[in-house]
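Here are a few notes to go with your first look at this one. Have the viewer open while you read.

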Amino acid sequence: MSDTQDKPNLLQVVASTLAGAFGVQSEKNRLRDFQHGSAKAYIVAGIIGTVLFVLTVYGVVKLVLSGTGK
């Protein structure tokens, strides 16, 4: 296989980032990420994922608190 076929696509980067965040990354995918992936892509995906997570938690908290009248 050539390097372009081994390079992870956007969906694989997102899936690897999520799997890594939960600690369930497979050895095969981890090796693919480290051998053929770009660190910049995983850093950006991690930052975006973190921001989305924080905004989701914030939104849920605001929704729950609005139901209590506070």
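This is a predicted model: local features need pLDDT of at least 70, side-chain atom pairs count only at pLDDT 80 or more; totals for chains, interfaces and linings use all residues.

1. Searching the whole structure for salt bridges turns up two.

2. Start with Arg30, which pairs with Glu27; their closest N and O atoms sit 2.7 Å apart. Both residues belong to helix H3 (residues 27-36), and they are three residues apart, about one turn of the helix.

3. How accessible is Arg30 in that pair? Its relative accessibility is 33%, so Arg30 counts as partly exposed, falling between the 20% and 50% cut-offs. Glu27 is partly exposed as well, because its relative accessible area is 47%.

4. The other pair to look up is Asp33 with Arg32, whose side chains form a salt bridge at 2.9 Å, N to O. Are these two buried or exposed? Asp33 is buried, and Arg32 is buried too.

5. Now for the helices. The axes of H2 (residues 10-22) and H4 (residues 39-68) come within 9 Å and cross at roughly 60°. With that angle, H2 is oblique to H4. The crossing of H2 past H4 is right-handed.

6. Which residues make that contact? From H2 come Val13, Ser16 and Thr17, while H4 supplies Ala41, Tyr42, Ala45 and Gly46. Sorted by type, the residues in the contact of H2 with H4 are four nonpolar and three polar, with no charged ones.

How values were computed: Residues are numbered from 1 along each chain as its sequence is written. Side-chain values use heavy atoms; hydrogens and water are left out. A salt bridge is a side-chain nitrogen of Lys or Arg within 4 Å of a carboxyl oxygen of Asp or Glu. Helices (H or I, at least four residues) and strands (E, at least two) are DSSP runs, numbered from the N terminus. Buried means under 20% relative accessible area, exposed over 50%, partly exposed in between (1.4 Å probe, protein chains only). Axes are lines fitted to C-alpha atoms, for helices over the stretch in contact, and angles run from 0 to 180 degrees between N-to-C directions. Angles under 35 degrees count as roughly parallel, over 145 as roughly antiparallel, 65 to 115 as roughly perpendicular and the rest as oblique. A crossing is left-handed if the near helix is turned anticlockwise from the far one by less than a right angle, and right-handed if clockwise. Contact means heavy atoms within 4.5 Å. Ala, Val, Leu, Ile, Met, Phe, Trp, Tyr, Cys and Pro count as nonpolar, Asp, Glu, Lys and Arg as charged, and the others, Gly among them, as polar.
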